[in-house]
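Here is a short tour of a pocket and some ring contacts. Have the model open and follow along.

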Amino acid sequence: MDYKNAGVDIEAGYKSVELMKKHVQETMRPEVLTNLGGFSGAFSMSQFKDMEKPTLVSGTDGVGTKLKLAFLLDKHDTVGIDCVAMCVNDIACAGGEPLFFLDYIACGKNYPEKIATIVSGVAEGCKQSNAALIGGETAEMPGFYPEDEYDLAGFAVGVVDEKNIITGKSLKEDDVLIGMASSGVHSNGFSLVRKVFRMDQETLNTYHDSLGKTLGEALIEPTKIYVKALRSVREAGVTIKACSHITGGGFYENIPRMLPEGIRAVVKKDSYPIPPIFDLIASEGKIEEQMMYNTYNMGLGMILAVDKADVDRTMEAIKAAGETPYIVGHIENGEKGVTLC
């Protein structure tokens, strides 16, 4: 008896590392001091030592049950983008600039080519956010996961000068809410999606005119990463007063998280186009509108608040970064929360 007979293939682990090295290398930043394969990742603080009060911000998350869709479609090159996005978008909400990322893959059986494909997506997410992929772990866990399944999670660290942390404390009446378009469902609410649609090849490969693609293609679309767009807004000289990453819990849970007491957000539902995937989910699942807005991003993956004098500069900066912005509402005095009208 040996470890391989017990279900853990050490040689496959070595091969996985070799195959993923080229993807990891593409994410490197000058501050990275270690190579892939060590026991830890080292990152120099030299690049932000001139900040008045450099402050680390961190985020951790996973892809959730969207992975079930990846298994069914046998498509593993984009879920890594989802994993990175869920972490770095949260960091960007605080005004932080992502520095580095680490991933964790747990699987029933280590198929090196599949692991490398997953990591290629992680690397792509890191490139989109300018974060270095400085380490990770692939854990082969036979008997715990089915052989053809895996879980994927990650952890990111960023930095912001303390004076530039986005807190929402300076919000005032008549500040303007600007939303950035999502790419679709992103990586939340898939437990409900999997109840609405049959998760089989016929259903997922069915083309929908309203979507312009198959259902599976629409659902697997990776999460938008908004780091570049938020950086562009800051570089335009705009103060972002508050920021909310619209994830699980939708509008009703996430927008209030950026608000102080005594401040209310008002969002106009007809101020931007809702992607057709949400109409399809609602109609097929007979889901009430409030539940949709309480579960999904409904077409807005990030919402920020700025002074009304900064609206034009903010819109142009977001467009310059390649994202699509909409003026979606405003701030008013009142009970902390959100009104959809």
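**A pocket and its neighbours**

The second largest pocket has a volume of about 300 Å³. This is a predicted model. Both domain 1 (3–164) and domain 2 (175–340) contribute residues to the lining of this pocket, so the pocket lies between them.

**Lining of the second largest pocket**

- The lining is made up of 18 residues, and C93, C243, S244, H245 and R257 are the ones nearest the pocket centre.
- At least two lining residues come from each of helix 3 (79–93) and strand 8 (242–245).
- Strand 8 contributes the most, with 4 residues.
- By residue class, the lining comprises 7 nonpolar, 8 polar and 3 charged residues.

**Aromatic pairs**

- The structure contains 6 aromatic pairs.
- One of them is F144 with Y145: the ring centres are 5.2 Å apart and the planes stand at 65°, so this pair is edge-to-face.
- F144 is exposed at 59% relative accessible area, while Y145 is partly exposed at 21%.
- F251 and Y293 also form an edge-to-face pair, with centres 5.2 Å apart and planes at 80°.
- F251 sits in helix 9 (residues 250–254) and Y293 in helix 11 (residues 289–293), so their pairing ties together parts that are 42 residues apart in sequence.

**A charge over a ring**

- K109 is placed over the face of Y111, 5.8 Å from the ring centre.

Terms used. Residues numbered from 1 in each chain as written. Predicted model: local features only at pLDDT ≥ 70, side-chain atom pairs only at ≥ 80, totals over all residues. Heavy atoms only, no water. 1 Å grid on protein atoms, 1.4 Å probe; cavity = no way out; pocket = protein on both sides within 12 Å on 5 of 7 lines; lining within 4 Å. Points joined across faces, edges and corners; volume = space filled by probe spheres on them. Nonpolar A, V, L, I, M, F, W, Y, C, P; charged D, E, K, R; others polar. Domains from an automatic or database assignment. Phe/Tyr/Trp six-rings, centres within 6.5 Å; stacked < 30°, edge-to-face > 60°. Buried < 20%, exposed > 50% of the residue type's maximum accessible area, 1.4 Å probe, protein only. Lys NZ or Arg CZ within 6 Å of the ring centre and 35° of its normal.
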